[in-house]
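Trainee: I have the sequence and the structure open. Can we go through them one question at a time?

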Amino acid sequence: MVWSPKIVALAVGMAIAVPGAQAAERTLLNVSYDPTRELYQDVNAAFGQRWKAQTGDDLKVNQSHGGSGKQARSVIDGLEADVVTLALAWDIDAIAQKGGLLDAGWQARLPYNSAPYTSTIVFLVRQGNPKAIKDWGDLAKPGVQVITPNPKTSGGARWNYLAAWGWALGAFGNDPAKAEAFVADLFRNVPVLDSGARAATNTFAQRGLGDVLLAWENEAILALRELGGGFEIVAPSLSILAEPSVAVVDKVADKKRNRPAAEAYLKFLYTPEGQEIVARHHFRPRDPDIAKKYAKDFPAIRLFTIDELFGGWQKAQRDHFADGGSFDRVMARK
Amino acid sequence: MARRIATGDPTPVRWLLITVALGFLAVFLVLPLVAVLAEAFAKGVGAWWVALSGEDSRAAIRLTLIVAAIAVPLNVAFGLCASWAVAKYDFPGKSLLVSLIDLPFSVSPVISGLVWVLLFGAQGLLGPWLQAHDLKVVFAIPGIVLATVFVTFPFVARELIPLMEEQGRDEEEAAIVLGAGGLRTFWSVTLPNVKWGLLYGVLLCNARAMGEFGAVSVVSGHIRGLTNTMPLHVEILYNEYDFVGAFAVASLLALLAVVTLAAKTGLEWWHRDEIAASRRH
Amino acid sequence: MTAAARAGFRRVIPGFGPTLGLTLAYLSLVVLIPLAALLMKAAGMTPSQWLATLSDERMLAALRLSFGGALAAATINGVFGLLVAWVLVRYPFPGRKVVDAMVDLPFALPTAVAGIALTALWAPNGWIGKLLPFKVAFTPLGVMIAMIFIGLPFVVRSIEPVLEDVDQELEEAAASLGASRWQSFRMIVLPAIAPALLTGFSLAFARAVGEYGSVIFIAGNLPGVSEIAPLLIVTRLEQYDMVGATAIATIMLLVSFALLLLVNGVQKWHRERMGG
């Protein structure tokens, strides 16, 4: 048995020594949410070329994807992201507040609330729309099955939830109690709450569950393309302007001496080239010219912002998704 | 020991029971395996191979092998130590020790990952110290190794403890009395007696180490090409609507499981006389 | 006194110090210290935080599902595991070796793979789900299916060796005295394998309670209906609620450990009673 202490010591040594190994080449880590996988594959390639042309340096951007909340949690716990590109501002706020890794005023640092692209929430229904789903009101009818992920864990699901709530406020004379009753009726029709947007799409498309999927617009278009026929997109009369936010994680980027690259990377998203890539991946571009060019890809939906109807993410989170918030009450009513 | 043939059960009862048992196994064990393989090869062997030879898939396979190559030897060394200590000596608290060794079996994998985040995460107990020294544990390879070691911790020890206890201490005591040293006794008396159990423990430990999902998922950080193991890569591909890819990687893991079981059965078959002999002690 | 004297005598074999020392050191490093970190975190909770956690309806439902589902799955595994072990030990049939090896499949198959495969089978449009008039995947039934899958080998592998050792001459004697097969099974075989059955049952139960990877794919994850406790831990983490996550983890950990102590205690008691 004399060798075993040596082996233990060696292995423990290895376990501690390994991390230094990756420091040699210049890499950025972009921690993002689920539906941006394809987008950032293209962005990273294009930015890598541009960075090389400008500075002569090679740069590799590594990607991590997952539920927005889970990703933020990992960054707080030490996942060394130079930039985060998450589903909602609230998750980046959490990194600022709980992790202290970036400045609380991060959202003012880049144009358009630090959201270089937007999206909205639409319906994906089965071919021919057999349940005749036209607008939010149809989702709460008996006999309709709605698939949406869990708002507690999924950023997309929170936009879904607020979009439904916002429509109901308009439809029922701005009465929060009536809006809550409507959302409760809607969630009575939800048979499965997946933890993320992608899992919900799989449940709807692959497992054949449900009549309608509430989805990011870009997800719905992608699903239409990737998963073949059998589906169509229904645009509701009113929806929410979803603003996925991006930010440089100051402490990490400074520590890894990556700040110039990290900042250039996020700014690249606002350039015409970046906006083109964004539009090709079915996110709505901010740049007016590019938006005009791709206008036919995006149905005209009346959109409201979270600030207009819910007073920003901090308040929306507290009112609706924190423990004891409206979502908990809705689920208790089921 | 050779299995004896029951004489008492009437043939119809026997066949009924066999049918029910096999039916149960077919539905609960065989069908899932078949489903994985069917999906993996749904678009032919070519698509399967393309999915496996992608850069990210290769990186995931490499990482999984590295993690298993560190975790399994550690747990083998520990398993030998622990089973020797438990089986060859009496001491107070032995029952508690055995329970503690078993503990990772029944701890939820999620908790097995969470504890390392609590310990080494940026908000954890040792987090600030690690950051001050620029050491990365969670969301890097060391964290994945630690979570895997935790989850596969009991496999070898559990396989060996009952075996060593069954064999008693007489042979070792005889060897010692005859003048052999402790180490020599272990190498030439104990180890030959338990080598098949040990091998089986190693195989299972390895299969679990390569296949662990929940615990590794909590500590991995999911960085493509860097900290994704094969099971995590399965989930990622699945979430990218790349079902052939997901099931291709899954089929590799399933094949690993089948090879593990075949190796175990083969070994038992080739060495059945030796195994029977060591059992008789 | 006698125990101590015997222990002294037993230590003819050298190496007690190093092996036990190494075992304890490694056990502490890999298992005990990390789990202590969890308990420390939980110990930092105030009584009112505990009260809030313990009275949370959603968490209670998740724990009920995890423990209830595990209990049901372990019971089914107890019955069918015993049957499988019996068939494998007592009846020779072609391909028995292969079937015997297959039993370990859930040990070796990664849980995520199992989860995807089980969902593909039991979803409403899956191979099995298509044939059933009711829903299995995305309901508590689906949770149970996954738990049955991962728990089965524990029961079979616990019973098999003991069943092999049951002296069939006793059964033959009973038969010659006029006992029916069922009577001799109940009076002779069952008592002999009962502790092994209990061990297998408890291991299958403990494993099922904590199972995550294979369950989340098939569960549907509706809070209060098909959301398991480990998933709720993950959910709490994602809501930045470390305290809530730790509390559930601690409860599960303590129950698991109590169960293990109980099983090892029963086994020890049984061994001593049998003069082993």
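Trainee: How many residues of domain 1 of chain C are in contact with domain 2 of chain C?

Mentor: This is a predicted model, and chain C is divided into domain 1 (17-45) and domain 2 (56-273). Contact means heavy atoms within 4.5 Å. On the side of domain 2 of chain C, seven residues take part, and on the side of domain 1 of chain C the number is six.

Trainee: How far apart do the C-alpha centres of domain 1 of chain C and domain 2 of chain C lie?

Mentor: For scale, the C-alpha trace of chain C spans about 65 × 60 × 30 Å along its principal axes. The C-alpha centres of domain 1 of chain C and domain 2 of chain C are separated by 28 Å.

Trainee: How many helices and how many strands are there in chain C?

Mentor: Read along the sequence, the pattern of chain C is α-α-α-α-α-α-α-α-α-α-α-α-α. Chain C has zero strands, and its helices number 13.

Trainee: What share of the residues of chain C count as buried?

Mentor: Buried means under 20% relative accessible area. Chain C has 276 residues, and the share that count as buried is 59%.

Trainee: Which residue forms a salt bridge with Glu227(C)?

Mentor: Glu227(C) lies in the loop between helix 11 (213-219) and helix 12 (229-238) of chain C, and its partner lies in helix 4 (residues 57-90) of chain C, 169 residues apart. Both residues of the pair are buried. The closest N and O atoms are 2.9 Å apart, and the partner is Arg58(C).

Trainee: How many residues apart are Asp100(C) and Arg157(C)?

Mentor: The side chains of Asp100(C) and Arg157(C) meet in a salt bridge at 3.3 Å, N to O. Both Asp100(C) and Arg157(C) are buried. Asp100(C) belongs to helix 5 (residues 96-102) of chain C and Arg157(C) to helix 8 (residues 140-165) of chain C, so by the numbering of the chain the pair links distant parts, and the separation in residues is 57.

Trainee: Are Asp90(B) and Lys94(B) buried or exposed?

Mentor: Asp90(B) and Lys94(B) form a salt bridge through their side chains, with 3.6 Å from N to O. As for accessible area, Asp90(B) and Lys94(B) are both buried.

Trainee: How much area do chain B and chain A bury between them?

Mentor: In this interface, 30 residues of chain B are in contact with 41 residues of chain A. Carbon and sulfur atoms carry 61% of the area, and the total is about 3,300 Å².

Trainee: How many salt bridges does the rule find across the interface of chain B and chain A?

Mentor: One salt bridge joins Asp134(B) and Lys255(A), with the closest N and O atoms 3.6 Å apart. Across the interface of chain B and chain A, the number of salt bridges found is three.

Trainee: Which helix gives the most to the side of chain B that touches chain A?

Mentor: Elements that give two or more residues to the side of chain B that touches chain A are helix 3 (55-88), helix 7 (141-152), helix 10 (182-211) and helix 12 (230-239) of chain B. The one that gives the most, with four residues, is helix 3 of chain B.

Terms used. Residues numbered from 1 in each chain as written. Chains lettered and ligands numbered in written order. Predicted model: local features only at pLDDT ≥ 70, side-chain atom pairs only at ≥ 80, totals over all residues. Heavy atoms only, no water. Domains from an automatic or database assignment. Salt bridge = Lys/Arg side-chain N within 4 Å of Asp/Glu carboxyl O. Buried < 20%, exposed > 50% of the residue type's maximum accessible area, 1.4 Å probe, protein only. Buried area = accessible area lost by both parts, 1.4 Å probe.
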